[in-house]
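Reader: I would like to learn how to read a model of this kind, starting with the ligand and then moving to the helices and strands. Could you take me through it feature by feature?

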Amino acid sequence: MTFKKYLSITEVVGPLILVENTEGIKYEELAEIELPSGEHQLGRVLEVNQDKALVQSFGGTSGVSVKGSSARFLGRGIELGVSSDLLGRIFDGLGRPIDDGPAIIPDKMLNINGNPINPYARNYPSEFIQTGFSAIDGLNTLVRGQKLPIFSAAGLPHSRIAAQIARQARVLGSQEKFAVVFGAMGITFEEANFFISDFQKTGAIERAVLFMNLANDPAIERIATPRLALTAAEYLAFELDMQVLVILTDMTNYCEALREVSAARKEIPGRRGYPGYLYTDLSMIYERAGRIRGKKGSITQIPILTMPEDDKTHPIPDLTGYITEGQIIISRSLHRKGIYPPIDVLPSLSRLRDKGIGEERTRADHPNWASQIFASYARGKEAQELATILGEAALSPVDRQHLLFANRFEQEFVQQGEYEDRSIEKTLEIGWSLLAELPRLELKRIKDEYLDKYLPEKSKAE
Amino acid sequence: MEQIKGEIIRVSGPLVVAKGMNGAKMYDVVHVSAMELVGEIIELRGDRASIQVYEDTAGIGPGEPVTSTNQPLNVELGPGLIESIFDGIQRPLDKVMEKTGNLITRGVHVNALDRSKKWDFKASAKPGDKVAGGAILGSVKETTLVEHRIMVPPDVEGVIAEIKSGSFTIEETIARIKDKDGQSIEVSMLQKWPVRKGRPYQKRLAPDSLLSTGQRVIDTFFPVAKGGTASIPGPFGSGKTVVQHQLAKWADAEIIVYIGCGERGNEMTDVLLEFPELKDPKSGEPLMKRTVLVANTSNMPVAAREASIYTGITIAEYFRDMGLNVAVMADSTSRWAEALREISGRLEEMPGEEGYPAYLPTKAADFYERAGRVVCLGNDNREGTLTIIGAVSPPGGDLSDPVVQATLKVVKVYWGLDSKLAYRRHFPAINWLISYSLYLESLRDYFNKITGVDWLSLRNKAMAILEKEAELEEIVRLVGRDTLSPRDQLLLESAKSIREDFLHQIAFDPVDTYASFKKQQKLLTLILNIYEWNLDALERGAEPEKLMALSIRDEIAKAKYTPENQLEKIDALSLKAREEVDKL
Ligand SMILES: Nc1ncnc2c1ncn2[C@@H]1O[C@H](COP(=O)(O)OP(=O)(O)OP(=O)(O)O)[C@@H](O)[C@H]1O
Ligand SMILES: [Mg+2]
């Protein structure tokens, strides 16, 4: 099929190109811009107004000229060709292979925007995923089909944590087909390489699909990258019955690309210059996680974002938190204390935890246990603060015990090795041994039957 | 009437502009492109109509047709609403799934209500009765919990010529009414009503009874009245949705309309899976049997999200008109406001604060004004109530957000969620120091009647303890707890007990999820009594340390887990506590 070639480019502003005298152009249509150099750039139609089409170029507009460049419109949206051959392959941020492998012979072509899952068709996520991290499994439990982002900041070890989750994550007692889909947006070559070599080391690369838009790749391309990743994930999960873990990093770079486009369009900005529709845009990405009734596969999403200035109220973490089912927060102060993983469990949250733990899922005492650990640690943190103001001597004996608990909790429970894969039993056991340091009377959130059964001797004697 | 057919000239996201729309009316529904996407006219200039499209507009472009249906956006009202899940423009999502599979695709047209299902209609009016809009013709037992009253549509008046009981579909004629011109009007069980227009009633009354929710911090401290309005603003993860779900489960309304407006898909699934399993505390019937769901999740088209709260509220008004108590939960109204903002931005309207359109406060007020206690149309002067509870999701939890501000201007109850409480896992994380209810006074008589005591003074005493605690906390933070007088220390102990043993309520605990008002009364009285007894004992010369370390405290902490059918155990606990204090 041939498409009309328009030589009528009249404006180039930032990543935007205005084409005039157009006919029959559709909203969201894929465009191909030919530069005077003969190079091609892909773009999409952001708006059509009578005979004018506004195109957002994924490859940026450097080298695009008003005269001498041309545009063609391809009569379809952006698509990804999918097949089981995606596994083990590496693509660029627009879905073009970059690993010297053969071209994919697609089973079908899918529009990367996807369609919303009918809420009626969803199945509620409830299967416990053991990540091997105590701070996650014990207190902020991940379940299959959840979207649980990591809120991090520059210089913190979020990539190591994500890679470790990808390495260790499994559903207890099940032998199913796993896959990892990795979407990189604007991360450094080194970071990207860290993931690739980790996947290679563990053999995970065989069942991984990678979409790589690196820091030096065109920024606007990032807008397409997570959508490509999720299109691949949906195919693997809902057509090939695989359990898919999607890691998207760094969502902050994605949002910045959106802001760039919005600014070029002179839209009325929302907070800090991000577009007013950022919430909706992000939800189109994050909501593509989940389970569907009658389907074996699932999509679990772990988006990673770096909070500008470590600020959780910045629009990117804020709007993400409003969409996802909790968040894992990486703390600079724990990191400074040398604790890995520096997960701050108090502001972290897994909203689906309560459906994933307890009898028949993890263990009957787990919910009570978790609620107690949170309460005791929160009290210990308060004691820590009080002690810094008033000195430890000002603390009551019980507060001092809580202070000690908080310290040991960080050192022994949160802290673990990068290759230490803790079972949930082990996690519960460490927790119980720490709780044993507190007077039994302080363990109000745990039912007596569990205290009798699991609390180590030490405090039973009291 | 001549059909109005125009042509698209512009597409920008959910906004489409068409020319050649002469004669089209504001807020009329149109079909866009050959796919017949549903849209609504929101602006007219000359022959140009700006249209918000309720479905994805990708692949649509200039030159494609737009046809007006000449009808405003309506909802269908009649048997079949209960237990349904609709999208923002009332498409039943189960039927949509039958047609399009697991994903929602475009251009699906399905009736909101099932046309083939037969309902057992029992007539209660008889031929010869003079009736007007709102008069009850009879009823259908729609579910075990809902007696669906079939009413004369608001604009019909006359004498019943014919009416029959029996098994009918919603489109079949159940009655014939002769109007004053002698015209015969056929009445079926199906009514339509434009969503943007409130349904009429005879008159508004001031709310005077409690919407009991089974949530202690709400019923006891910041109650909402039947027919009232409440708002829950809070940062992400602070507990808005859990509170809304709890209310949908346990509020003593006869009908619940739950609107998931621009929020998570899984939260709707949660309701769909859980409500059929949960039992109404009064009747023992599944809660789903009184629930209607409207779900336009965040990833569904943004314009339909804007419509969803109107779809929900209109359904609610219809049930109110039957003389029922209806409660609407809207989670979250911020997403509705953002949808307004997005469309407004594309229309290039002059923005107000934070880019929201200047008419945001008016629209918010109009919405909450649809709540109320009313005398319904019809001749039996029955009363119905409609309570609205809206969540607000301000950026960064910042309460200066325009949506929060617009809401607080109109609602009477404010439950302020606090992320600090949530981090401590104190749930519901409703901050008692900033929240308020303006219904306390109007509920005074009601409370006195159901409790048999001067309830508000008891409640105020507890509030005063909490407020004093906040003051003392400041001192403790500066100089430590030891410097406080024994009286103050006892107060802190009592405040802690109010917080932990009363206010703290875990939604997921099978017993604690719901507390009857009676249980709330017993628990609070117990805690306050112990405080009084302790103060008396202190006066008598009892040792403060011993009073602080009463062994009964452990049992009091667990008192909230007392099942509803064993409340006498709390009385027994009270006696035991008295004894222990008296011994000191
Ligand atoms: N009453 C409660 N009992 C127990 N847990 C609760 C309660 N309220 C809130 N939580 C906990 O807090 C989590 C977050 O609550 P919720 O989903 O209601 O937040 P939200 O304010 O609606 O957030 P968002 O604005 O992001 O939707 C829940 O998943 C649950 O773990
Ligand atoms: Mg919520």
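Author: Let us start with the word "near": a residue is near a molecule or strand if one of its heavy atoms lies within 4 Å of it. In this structure, ligand 1 lies between chains A and B, and 20 residues surround ligand 1, the closest being G237(B), K240(B), T241(B), V242(B) and R264(B). This is a predicted model, in which local features need pLDDT of at least 70 and side-chain atom pairs count only at pLDDT 80 or more, while totals for chains, interfaces and linings use all residues. Residues are numbered from 1 along each chain as its sequence is written, chains are lettered from A and ligands numbered from 1 in the order in which they are written, and side-chain values use heavy atoms, with hydrogens and water left out.

Reader: Into which classes do the residues of the shell around ligand 1 divide, and which helix gives the most to that shell?

Author: For the classes, Ala, Val, Leu, Ile, Met, Phe, Trp, Tyr, Cys and Pro count as nonpolar, Asp, Glu, Lys and Arg as charged, and the others, Gly among them, as polar. The shell here holds 10 nonpolar, six polar and four charged residues. Helices (H or I, at least four residues) and strands (E, at least two) are DSSP runs, numbered from the N terminus. By that reading, α7 (315-323) of chain A and α3 (240-250) of chain B each supply at least two residues of the shell, and α3(B) gives the most, with three residues.

Reader: Which side-chain N or O atom is 2.9 Å from an oxygen atom of ligand 1?

Author: A polar contact is a pair of N or O atoms within 3.5 Å; within protein, one must be able to donate a hydrogen and the other to accept it, and residues adjacent in sequence count only if both atoms are side-chain atoms. The side chain of R351(A) has an N or O atom 2.9 Å from an oxygen atom of ligand 1. A polar backbone atom of G239(B) is 2.9 Å from an oxygen atom of the ligand, and a polar side-chain atom of E263(B) lies 3.4 Å from a ligand oxygen atom. The protein covers 95% of the 630 Å² of accessible area that ligand 1 has on its own, where accessible areas come from the Shrake-Rupley method with a 1.4 Å probe and, for residues, only the protein chains shown count as cover.

Reader: Is I315(B) buried or exposed, and with which residues is I315(B) in contact?

Author: Buried means under 20% relative accessible area, exposed over 50%, and partly exposed in between (1.4 Å probe, protein chains only). I315(B), which lies in helix α5 (residues 302-321) of chain B, is buried, with a relative accessible area of 0%. Contact means heavy atoms within 4.5 Å, and, leaving aside neighbours within four places in sequence, I315(B) is in contact with L77(B), L81(B), F86(B), Q90(B), V257(B) and V292(B). The C-alpha atoms of I315(B) and Q90(B) are separated by 9.9 Å, although these residues are 225 residues apart along the chain.

Reader: Why is strand β5 of chain A described as largely enclosed, and which strands pair with it?

Author: Seven of the 10 residues of β5(A) (residues 40-49) are buried, so this strand is largely enclosed by the rest of the structure. Two strands pair if DSSP finds at least two bridges between them. Strand β4 (residues 30-34) of chain A runs antiparallel to β5(A), joined by five bridges, with E32(A) opposite L42(A). Strand β6 (residues 52-57) of chain A is also antiparallel to β5(A), over six bridges, and V45(A) stands opposite V55(A) there. Two bridges join β5(A) to the antiparallel strand β1 (residues 5-12) of chain B, where R10(B) is the bridge partner of N49(A).
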